[in-house]
Amino acid sequence: MSAALAIDCIIDYHPPVVSPTTTLLDVVQMLHTDTAPRWKEHSKPATKAKIRRYGYVLVINTGEIKGIVTDRDIVRLTAENIDFANTLIADAMTYPVQSLQVSEIDTLETAIPLIQATGRKYVPILDRCCLMGVVSSPSIEDWIQSTEQRQSEDVSQPTKLAISDQTLRRTYTALQKAIENIAVLDSAGCYLEVNNTYAQCYGYTPVELVGLSWQTTIFAGDIPQIESAYQIMLNTGKSVLEVRGISKQGGVRYQQLTLVVNQNERGEFLGHYCFVQDINERKQAEIKLIEREQRLQEMADSSPALLWIANDQNHRTYFNTEWLKFRGKALLQEVEEGWTIGIHPEDVQVCLAAFTQAFEQRQSVQIEYRLQDHQGEYRWLLDSGRPRYLTNGEFAGYVGSCLDITAFKEVADSLDQANDQLQKNVTHNIDALVCANALLLESESRFHSLADSLPALIWLCDVEQYCTYVNQTWQTFTGRSLEQEMNQGWLATMHPDDKDGFVDQLQTCLATQTSLQSKCRRRDRSGRYRWILNTGMPRYISDQFAGMIGCGLDITELEDNQKALEEAVIELQQSNRDLEEFAYIASHDLREPLRKIRTFAELLLEDYSAQLDDTALRHFKYIINGAERMDVLVQSILEYSRIGRQVKSSEPVDLNAVVQQIADDHSLLMEQDKGWIIYDELPTVKAGKVEIVQLLQNLISNALKFHGEQPPHIQVAAQRQDLKWRISVSDTGIGIAPEFHDRVFTMFARQHSRDQYPGTGIGLSICRKIVESYGGHINFTSNLGEGTTFFFTLPAID
Amino acid sequence: MRMLLIEDDLGDIELTQNGVKRSQTDIDLDWVMDGSSAMSYLLQEGKYQQKRHPNLILLDLNLPGVHGLKILEAIKGNNTLKMIPVIIFTTSDADGDVEKAYALGANCFIQKPASLAQYITTMTSISAYWAKVAKLPKPL
């Protein structure tokens, strides 16, 4: 291997660079994810050097190196509690940056020591001001290792060996000057050679360490680890481990040891190399992290909730005791994917998808799913996870808690069930309501059809006296529409004089829920007022008083007729009074002269009878008779006209008493004629006493008069006919000739001459008038020479 | 028995006289023909100063000027004169007249007879009743 290599093999031509305004957090992320931008300013090829993960970035501004930030710096900054997100790299970087000119390092032998002499892990190489690339100690190490490997493989070439020896020696020298802590130990594990930095690292001088066993520099507690690592190295040639080293002063620091087997070309074990890298800060940070995790876990364990912790790879790394108790599992069974065993098959996909999605977004998540508990029962858990960050802002994973919401779920289920039932009920009720509504509409329509078909004015009002409906007849009558009549419109066509009365009456009836009867005038379509008789009835809707339903009839004709009737009655009464007066006056005025004629004629007759001859006497008799008759006539007429005009008294009249009285009055006459009157048990009738007496008197006196040759035998009887009594007065007298039958009741009609039978001929007319004035009927049966029976009806008392 | 007839119709006066005469009762009949005369007579005024109070008064209702009922009222309104029984003697038999008469204090109401015979009977009855049956107050 030629030592005069250009530094191609160790230089990185495309180091990571950032601008000064990049935030620290972004830089950390870039370091973490290897996403820092690369230097591409020149046309050099891709880096040949073996580059492991970048542990630094250069801060470049306008082509000039401003500063550098390494892993170590990050650790330091973390410890200083800097706000990574809001700090610019410019404020956190290390500067100035020690660099080398390319002209100084034309060969590897010159380059490596120079580089190592800077004491820095990353050394930029500049061509004057221009950045060429960066050489890092790891890349140097790697190169050395690969060189040694090639040397050890190359056994057959002594020249190579010689060279390798030389190379080795040079390497030693280089190593000596290297800033890394490098030591060479013999096969017994004792220090052969150590470089300055190695010795310094442990607080010794190089000379002091030579000959001492490796155990000297290892913390006692970690010795077993070294021993096993040593074995691994022996087997594989290399091992890397992290242990605590102890200095001469007793200080303990974490270190990364790389042990490499040292074999000669013959394969003989010479010893080993030991490269030490101080990782104390990193390790401390790690430990802190672990401690924090542990504390977190302890806190988690002390909580009664079901807690879990996931790392930044979305793997659940920890479950607290409560969780484990709940699940009846051990931690190792649950971690990673173990906990998903037992998620209900229906919920698995959704659940995990939710967590994954949230994780990708670094968002909080809440999901319900069923998980089997220690008894194998599925319980509903409400799992809430949220991302957690370290103080440096680094995403550290998730922390979550679960709540057993099985009971809630059950309640929710029953609520859902109840809700469903409610919905069903509501739907059912709505259906019923719709149905009822349809029935109602139908019923309403039927009512309307009925109401409209009636000739009456149908109306409906509510409890507030507002009209709610009027039928077609009403609308046609008033010539107004339903809309016009509704509410208070229906009062508009009422006669102003009647309106208040009606309103008051309606109000009272509504208040007392009683029926209404009212007569009032309403204007019809032609503008005329008609009398309407309104009957209103209270109406109820499911036992609730809802107002009135009414029916109005046009009684204008009736009213007019009534009025006409009343007026006619008044007129009639007036007329009757006039007639009465007239009749009275007339009869008296007529009677007065008659009296004179008669009385003086009588006087003359008496005083001068001696001086009068027969003719004169006879003449006087005619005069006197005439006057007499006329007087009777006038009285009869007066009486006749009185019947029916006088205030009719209707009292119970015992006919027995009446007949008896008449019989007594005529007792003298009957004795003379040897006649008799007999009567059956006669009833009591409802009539005026005077008239009844008159009636029976006339009939009986007729019977007595027209007895002929026989003695007068009169019989009075009565027969009940529904609400009337049929009274009969029969005699055994001369009877009535057939040719006279139709004139029997005619006024003044006389069958016989005055000489034969006296009488005015008015008696029966009066009888008929009396009977008819009580709504009765009078007739007779008669046979000449055998007798006559008069029948008449009078109202019964009961 | 002294009787004063207050009547405007001469015919009726004559009839009454005849009736009294033919009844053969000792009625002393005097007559005036109108209301004012009647009052003067009863109050013994003017030409009637010498007249003595009658025991009975026959009063017709249909008098000229002052109606018979008014005279009745006047008579019955006078403390002295009201003692004399007044017989309304008139053609009317109207219930109204009868009631009014009695209401005003008439002692009796008789409808004028229609025939001579009845006249005689009536006078006889009046005399018989008032002279013999009833008791008259002492002459004033």
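## A helix crossing in chain B

Let's start with a right-handed crossing, that of H1(B) and H5(B); right-handed means that the near helix is turned clockwise from the far one by less than a right angle. This is a predicted model, in which local features need pLDDT of at least 70, side-chain atom pairs count only at pLDDT 80 or more, and totals for chains, interfaces and linings use all residues. Residues are numbered from 1 along each chain as its sequence is written, with chains lettered from A and ligands numbered from 1 in the order in which they are written.

H1 (residues 10-23) and H5 (residues 116-133) of chain B have axes that come within 8 Å and cross at roughly 65°. H1(B) is therefore roughly perpendicular to H5(B) (a class covering 65 to 115 degrees). Helices here are DSSP runs of H or I, at least four residues long, and strands are runs of E, at least two.

## Where chain B touches chain A

Across the interface, 11 residues of chain B are in contact with 13 residues of chain A (contact: C-beta atoms, placed from the backbone, within 7 Å). H1 and H5 of chain B each supply at least two residues of the chain B side, and H1(B) gives the most, with 3 residues.

## A covered helix in chain A

Over in chain A, helix H23 (residues 763-773) is mostly covered, with 9 of its 11 residues buried (20 or more other C-beta atoms within 10 Å of a residue's own). Among them are A:Leu764, A:Cys767 and A:Ile770. The cover includes helices H19 and H22 and strands S28 and S29 of chain A.

How values were computed
Axes fitted to C-alpha atoms, helices over the stretch in contact; angles between N-to-C directions. Parallel < 35°, antiparallel > 145°, perpendicular 65-115°, else oblique. Contact = placed C-beta atoms within 7 Å. Buried ≥ 20, exposed ≤ 12 C-beta atoms within 10 Å, placed from the backbone.
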